[in-house]
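Please consult the sequence and the model shown below while reading.

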Amino acid sequence: MHDRPRVVFLGTHGQYNLGDELLLETFLHQLGPDPHYVINTYDKAFTAAQLGGRYSYDLVDTGGDRVKLLGHLLRADRVVFGGGSIVKELYSTTGRNRYATLMMILAIVTFARWVARRPVAMLNVGVGPITTSMGRRLARLILRQVDLVTVRDPGSWELCRSLGVDARLAADAVFSAEPQWLLGGPPPRRHPGPLRIGLNLNYDIANPANWDHFTGRLAEALCRIGTTRPIEIHSLPMQCGFKDHDDADVLGVFARRLPEIGFIHHRPTTHREAAQVIASCDLVLSERLHALIMASILAVPAFALAYDVKVTELSSLLGLDDHTVDINQPFSVAELEAPLRHLIDHLDEARGRLASATDRIRFQADRSFAAARRWLGVRSPKLHKNI
């Protein structure tokens with residue numbers, strides 16, 4: 001028996017995706033230690049090692065403990081889906097049915113709402129991409145059963161409106177993080193030398209047929225820049241393991257295209273290690289959403305490689321439209337090289353704009369967490385610089 005409020009907290013945990021693990025850390029940090037959490041994960045040992053003894057929790061295996069999850073839903077006080085692209089169709093590169101995630105979420109929400117009779121919230125989530133009429137029907141069925149929906153970007157909010165769903169516009173949860181909390185301490189010292197570019201690549205793009213074109217143009221643009229000034233690439237894999245073509249593998253293959261450029265390989269295992277890599281760079285060139293968000297919090301200028309609607313939305317929120325390229329469509333080397341050179345030549349200016357945009361978005365994230373704590377009935381926690 002637990003005297004604490006019981007919160008079933010659901011997300012994509014234990015897939016070694018640093019963005020998803022960072023979302024889990026952020027939500028627990030912001031919602032505080034009062035509740036007893038039930039957390040789903042694909043790797044219970046991994047998540048237990050990540051969280052240690054900082055919270056009261058049980059872990060449920062996402063793939064194998066579905067009956068246990070139903071039992072936890074029956075005993076819960078609240079059910080929370082925390083962050084991430086929760087309501088979406090899957091890309092073909094995942095190798096799964098387009099509607100697999102939507103069907104799974106629909107089953108959980110319907111059970112929680114009509115069998116367990118528990119309140120359900122989706123907090124700071126992304127809605128989309130959804131491109132088919134079947135996907136829209138499933139998304140509508142899900143979201144209309146949820147008591148509280150807050151979304152992380154205007155595109156998700158507009159999609160909810162088109163589905164007849166009342167959602168509140170917030171921000172990605174990670175924007176609530178302070179730089180020192182992300183880093184786990186002071187930032188690394190920067191040393192004179194080549195321009196340091198943090199590079200993230202993610203194979204799962206909306207149009208996989210464009211992958212070779214994109215990576216070829218990217219390699220050529222970096223090689224051209226490298227002939228006019230010394231640069232050094234620092235790999236920034238946000239997922240190492242769990243799937244084929246993970247970020248680390250893709251970056252390793254890509255490095256062979258840049259034989260004349262220094263390429264430093266990193267394999268961060270926590271968000272703090274990734275944040276340290278980002279903070280040591282002069283700019284970040286990334287597909288992954290949370291690499292871009294961490295860069296913005298750490299005031300490191302960023303260039304977005306938009307593989308998905310969520311990255312396009314984030315780019316607009318951060319004022320990066322001029323420093324973004326859609327990698328799902330063919331483009332010339334110049335269309336990438338010219339804006340990247342412009343960013344390199346105006347790093348201080350970009351840093352100032354990024355700081356201003358990030359402060360505004362952090363206010364939205366903080367406000368949404370205050371509302372979430374009221375909904376959960378928990379106290380505002382003491383936020384420590386290090387947890």
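Val87 counts as buried, with a relative accessibility of 0%; buried means under 20% relative accessible area, exposed means over 50%, and partly exposed lies in between (1.4 Å probe, protein chains only). The residue belongs to strand E5 (residues 85-87). Helices (H or I, at least four residues) and strands (E, at least two) are DSSP runs, numbered from the N terminus. Leaving aside residues up to four places away in sequence, Val87 touches Leu102, Met122, Gly126, Val127, Gly128, Ile130, Ala139, Ile142 and Leu143, where contact means heavy atoms within 4.5 Å. Val87 and Ile130 are separated by 43 residues in sequence, while their C-alpha atoms lie 8.3 Å apart in space.

The model is predicted: local features need pLDDT of at least 70, side-chain atom pairs count only at pLDDT 80 or more, and totals for chains, interfaces and linings use all residues. Residues are numbered from 1 along each chain as its sequence is written, and side-chain values use heavy atoms, with hydrogens and water left out.

**Overall fold**

The chain contains 14 helices and 14 strands. Its radius of gyration is 21 Å, close to the 21 Å that the globule rule gives for 387 residues, so the chain is as compact as a globular protein of that length. The radius is taken over C-alpha atoms, and the rule is 2.2 Å times the number of residues to the power 0.38. Along the principal axes, the C-alpha atoms fill a box of roughly 65 × 45 × 35 Å.

Of the 387 residues in the chain, 58% are buried. Among contacts between residues at least 6 apart in sequence, 72% join residues at least 24 apart. The accessible surface amounts to about 16200 Å², and carbon and sulfur atoms account for 52% of this area; accessible areas come from the Shrake-Rupley method with a 1.4 Å probe, and for residues only the protein chains shown count as cover.

Helix H3 (residues 66-75) illustrates the packing. Leu69, Gly71, His72 and Leu73 of this helix are buried. The buried residues of H3 pack against strands E1 (6-10), E2 (36-41), E3 (56-61) and E4 (78-82), and against helix H4 (100-115).

**Charged side chains**

The chain carries 45 positive and 41 negative side chains, and the centres of the two sets lie 7 Å apart. Lys and Arg count as positive and Asp and Glu as negative, without His and the chain ends; the place of a charge is taken as NZ of Lys, CZ of Arg, CG of Asp or CD of Glu. Side chains of opposite charge can pair when their charged atoms come close. A salt bridge is a side-chain nitrogen of Lys or Arg within 4 Å of a carboxyl oxygen of Asp or Glu, and by this rule the count comes to 16 salt bridges. Three of these pairs are listed here.

| Salt bridge | Closest N to O |
|---|---|
| Asp247 and Arg288 | 3.0 Å |
| Arg353 and Glu349 | 2.8 Å |

Asp247 and Arg288 form a salt bridge that links distant parts of the chain: Asp247 is in helix H9 (residues 247-255), and Arg288, 41 residues apart from it, is in the loop between strand E12 (283-286) and helix H11 (289-297). Both Asp247 and Arg288 are buried.

Arg341 and Glu337 both lie in helix H13 (residues 333-345), four residues apart, about one turn of the helix. Arg341 is partly exposed at 24% relative accessibility, whereas Glu337 is buried at 12%.

Arg353 and Glu349 are separated by about one helical turn, because they are four residues apart in helix H14 (residues 347-376). Arg353 is partly exposed at 39% relative accessibility, and Glu349 is partly exposed at 44%. Elsewhere, salt bridges that share partners join Glu220, Arg224, Glu337 and Arg341 into one network.

**Backbone features**

Most residues other than glycine have a negative phi, and most peptide bonds are trans. The peptide bond from Gly128 to Pro129 is cis, with omega near 5°. Pro129 lies in the loop between strand E6 (120-127) and helix H5 (133-143).

Tyr16 has a positive phi, near 60°; this residue is in the loop between E1 and helix H1 (18-31) and is partly exposed at 26% relative accessibility. Ala299 also has a positive phi, near 60°. Ala299 is located in the loop between H11 and strand E13 (302-306) and is partly exposed at 25% relative accessibility.
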